Amino acid sequence: FPVTIREEHDIVVRKYDEKDYSPEIITKGIYKDLPLEWEYEGSKATLLRSALDVAMEGNNMGHCVAGYAGRCYAGQYVVYHLVLADGTEGTLGCNVLTASDDKNKQVLTYQQCYGKYNKRINTTFAKLLIETINNQIKQEKIYEIK
C-alpha cells in the first residue's frame, strides 16, 4: 500500500509527540470509572486514555487541547473525542472536581467543546454524556455504557 501524505504526516507527528507525551493509559482518579465509549441516538464519544492520545487529538483537530495533556495524566481533566450523528467531529474537555455531596467521589464539569479548528458545534450530546456519567457515579453503578 502506498502511504498517503496525510498518513505520513500523522506518523511523523505521533513520533514527535511520543517524545513529549506519555502513551501510558491513565488510571488516576475518575478515569477508572469512565466509559471508554458512549453512544446515543447516532452520536458517539470516545475517551482519550493517555496524554499522547490528547496531544494527537489536538493535532488532528487543529486546536490546543494538547495543553491539557498533563492535567489529564494527573487525573484532573478528561477529554472525549466526539462524532455527532450528523458527522461533525468535536472534542469535549471536562474538569474533574470533588462531588459536593460526597468528598470521596469525583465528577465531571463541562469546560469546553469545539469542533475542528475551534469551530462551534452543538454541545447537547456532550452535556448529556457528562450528566449521564455523573448520575452513574452518584448511583455507584459504574459500567461501560454502550
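Is Asp 102 buried or partly exposed? Asp 102 is partly exposed, with a relative accessible area of 23%. Buried means under 20% relative accessible area, exposed means over 50%, and partly exposed lies in between (1.4 Å probe, protein chains only). Keep Asp 102 in mind; the tour returns to it.

**Before you start**

This is a predicted model: local features need pLDDT of at least 70, side-chain atom pairs count only at pLDDT 80 or more, and totals for chains, interfaces and linings use all residues. Residues are numbered from 1 along each chain as its sequence is written, and side-chain values use heavy atoms, with hydrogens and water left out.

**Stop 1: the whole chain**

Colour the chain by pLDDT, the predictor's confidence in each residue, from 0 to 100. The mean is 89, and 88% of the residues reach 70 or more. Now select residues 141-146, where the pLDDT is below 50. Beyond near neighbours in sequence, this stretch has 13 contacts in the model. Contact means heavy atoms within 4.5 Å. Where pLDDT is low, the predicted coordinates should not be read in detail.

Switch to cartoon view. The protein chain has four helices and five strands. Helices (H or I, at least four residues) and strands (E, at least two) are DSSP runs, numbered from the N terminus. From that end, the elements run α-β-β-α-α-β-β-β-α. Of the 146 residues, 42% count as buried.

**Stop 2: the sheet**

Select the five strands. They form an open sheet in the order β1-β2-β3-β4-β5, with antiparallel pairing. Two strands pair if DSSP finds at least two bridges between them. The edge strands are β1 (37-40) and β5 (102-115), and each pairs on one side only. From one strand to the next, the twist averages 25 degrees.

**Stop 3: β1 and β2**

Zoom in on β1 and on β2 (residues 43-47), which are antiparallel and joined by four bridges. Pick Tyr 40: its bridge partner in β2 is Ser 43. Two residues lie between the strands of this hairpin, and Glu 41 takes a positive phi near 45 degrees.

Show the side chains of β2. Ser 43, Ala 45 and Leu 47 make up its covered face, while Lys 44 and Thr 46 make up the uncovered one. In a regular strand the side chains alternate between the two faces of the sheet.

Stay on Lys 44. Its side chain meets that of Glu 37 in a salt bridge (3.4 Å, N to O). A salt bridge is a side-chain nitrogen of Lys or Arg within 4 Å of a carboxyl oxygen of Asp or Glu. Lys 44 is partly exposed at 30% relative accessibility, and Glu 37 is partly exposed at 24%.

**Stop 4: β3 and β4**

Move along the sheet. Four bridges join β2 to β3, and Lys 44 stands opposite Val 83 in β3. Next, β3 (77-83) and β4 (89-99) pair in the antiparallel sense over seven bridges. Select Tyr 80, whose bridge partner in β4 is Leu 92. The hairpin here has five residues between the strands, and Gly 87 takes a positive phi near 95 degrees. Eight of the 11 residues of β4 are buried, so β4 is largely enclosed by the rest of the structure.

**Stop 5: β5 and back to Asp 102**

A hairpin joins β4 to β5 through two residues. The two strands run antiparallel, with 10 bridges between them. Val 96 stands opposite Leu 108 in β5.

Now select Asp 102 and Lys 105. They form a salt bridge, with the closest N and O atoms 3.9 Å apart. Lys 105 is buried, with a relative accessible area of 16%, whereas Asp 102 is partly exposed. A search of the whole structure finds two salt bridges.

**Stop 6: helices on the sheet**

Select α2 (residues 51-61). This helix lies across β3, β4 and β5, at about 145 degrees to β4. Axes are lines fitted to C-alpha atoms, for helices over the stretch in contact, and angles run from 0 to 180 degrees between N-to-C directions. Eight of the 11 residues of α2 are buried, so this helix is largely enclosed by the rest of the structure. Among them are Leu 52, Val 54, Met 56 and Met 61. Gly 62 follows α2, with a positive phi near 70 degrees.

Finish at α4 (residues 124-139), which packs on the sheet and touches β1, β2, β3, β4 and β5. Its direction makes about 170 degrees with that of β5.
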